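Me: Please take a close look at one helix in this structure. I would like to know how it sits against the rest of the chain.

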Amino acid sequence: MERPGRFNGMRHIAFTMPNLEECVQFYTEIMGMEILNRASDNLVYLTCGNDNLSLGRSDLPASGVQSMDHFGFIVDTKEQLDAWFNYFKAKGVTMLDQPHDHRDGARSFHITDPAGNVIQPIYHPAISGQRFS
């Protein structure tokens with residue numbers, strides 16, 4: 001199977017932390033990001049215009065060790081996302097779920113790389129289709 005067109009950047013990363021509200025305040029008030037979507041009491045999406053930062057609540061106490069949940073590669077359309085899903089499946093990549101729609105209009109699925117890192121190919125209407133020179 002032929003690989004679909006290239007990804008449009010790695011502009012989505014997700015972290016987990018026990019002090020979610022404190023971190024949301026830091027990223028908005030100190031770093032200047034904007035809240036894109038509060039998906040739930042435990043999940044907030046932030047943006048600085050070109051990127052998407054997902055902050056999720058963790059049950060584990062803060063330890064000073066970075067806790068990355070996953071990182072995402074942006075695609076331009078839902079159709080491209082489905083093509084990537086079929087391609088990864090045909091290549092025997094470990095699939096964690098099926099493509100699914102999010103309440104904010106995004107669509108994604110999750111895979112792992114050979115080291116077990118979780119990757120989320122994602123169509124996100126707020127940042128998909130953007131081009132950088």
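Reply: What follows describes helix α2 and then a residue in one of the strands that cover it.

The model is predicted. Helix α2 runs over residues 78-90, 13 residues in total. From its first C-alpha to its last it reaches 19 Å, close to the 18 Å expected at 1.5 Å a residue.

Five residues of α2 are buried: Leu 81, Trp 84, Phe 85, Tyr 87 and Phe 88. They lie on the same side of α2, because the arc they cover around the axis is only 165°. The face turned away from that buried side carries the exposed residues Glu 79, Lys 89 and Ala 90. After α2 comes Gly 92, which has a positive phi, near 80°.

The cover over the buried residues of α2 comes from several strands. Among them are β5 (68-75) and β9 (118-123), together with β7 (107-108) and β8 (111-112).

Strand β9 also contains Gln 120. Gln 120 has a relative accessible area of 5%, under the 20% limit, and therefore counts as buried. Leaving out residues up to four places away in sequence, Gln 120 touches His 70, Phe 71, Gly 72 and Phe 73, as well as Ser 108, Phe 109 and His 110. His 12 and His 102 are also on the list of residues that Gln 120 touches.

To sum up, α2 has its buried residues on one side, its exposed residues Glu 79, Lys 89 and Ala 90 on the face turned away, and strands including β9 over the buried residues.

Note on methods: Residues are numbered from 1 along each chain as its sequence is written. This is a predicted model: local features need pLDDT of at least 70, side-chain atom pairs count only at pLDDT 80 or more; totals for chains, interfaces and linings use all residues. Side-chain values use heavy atoms; hydrogens and water are left out. Helices (H or I, at least four residues) and strands (E, at least two) are DSSP runs, numbered from the N terminus. The expected span of a helix is 1.5 Å times one less than its number of residues. Buried means under 20% relative accessible area, exposed over 50%, partly exposed in between (1.4 Å probe, protein chains only). The arc is that of the directions from the helix axis to the C-beta atoms. Contact means heavy atoms within 4.5 Å.
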